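Me: Could you walk me through this one before I set anything up?

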Amino acid sequence: MDKKTFILELAEQNYNTIFMASWDAHADTYQNEIKYVKDNNIPMEFYGFGEYGKYTNEKGEELKINDNDIHEKLLSCITEGSKDEKDVIFCIYDWADHNGHNTGFTNTNKHYVNAVRTNDALMYEVIKNVEARSNYQNEDLLIILTADHGGIKTWHGEQNPECRTTFIVTNKHNLVKNEYYSKNYDGYKEN
């Protein structure tokens, strides 16, 4: 592979890693990486999408993993001593993206806003679970929350501020340089 994601590079260094998402199209987007991991026996787990996104319930019914399942797995992955505990986690909640594409990426759209609020509440729970780790004060943990795009109406992908501008939230106050994210930043340059 010519270009590798950060999580693949860390998996190659024997970090215990997982990539989680509930949207099946991620299997297409990352098909080369998935194949590379399988072909090279790299200790990286995939969960929630493509062939990794189906399970059978107690009634024998095949079900599709959703963001609730992703969240429960994420909580297990950050729990000390859990069989799922990981060193590196890449997790995608898809609700806001699906609501934006289906009903619009605007702060006046109740479906989109509620999906963002749900994600906010889930991330609060994640942070509280991380902070509850018995060795938390001695661990150097990095948490990054962001979106992969903005949007206009129900679409994204154009080279304009509405599609290119997003947010980044992190627990490391010196990680992001404020001069790049001032209130005059339009996605391209300072105005």
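Reply: Here is a short tour of the pocket, a helix pair and a salt bridge. This is a predicted model, in which local features need pLDDT of at least 70 and side-chain atom pairs count only at pLDDT 80 or more, while totals for chains, interfaces and linings use all residues. Residues are numbered from 1 along each chain as its sequence is written, and side-chain values use heavy atoms, with hydrogens and water left out.

Me: How much space lies in the largest pocket?
Reply: About 1,500 Å³, where a pocket is an open set of points on a 1 Å grid over the protein atoms alone at which a 1.4 Å probe fits, with protein on both sides within 12 Å along at least five of seven lines. The volume is the space filled by probe spheres set on the points, which are joined across faces, edges and corners.

Me: And which residues are closest to its centre?
Reply: Of the 47 lining residues, those are C91, M123, I144, L145 and T146, lining meaning an atom within 4 Å of a point.

Me: Which helix gives the most to that lining?
Reply: α6 does, with seven residues; helices here are DSSP runs of H or I with at least four residues, and strands are runs of E with at least two, numbered from the N terminus.

Me: How do α5 and α6 cross?
Reply: Their axes, lines fitted to C-alpha atoms over the stretch in contact, with angles from 0 to 180 degrees between N-to-C directions, come within 8 Å and cross at roughly 175 degrees. That makes α5 roughly antiparallel to α6, a label for angles over 145 degrees.

Me: What does Y112 touch?
Reply: Y112 lies in α6 and, leaving out residues up to four places away in sequence, has contacts (heavy atoms within 4.5 Å) that include A96, N99 and F105.

Me: Switching topic, how many salt bridges are there?
Reply: The whole structure has 10, each a side-chain nitrogen of Lys or Arg within 4 Å of a carboxyl oxygen of Asp or Glu. One joins K73 and E45 at 3.4 Å, N to O, linking α4 to strand β2 across 28 residues of chain.

Note on methods: Parallel < 35°, antiparallel > 145°, perpendicular 65-115°, else oblique.
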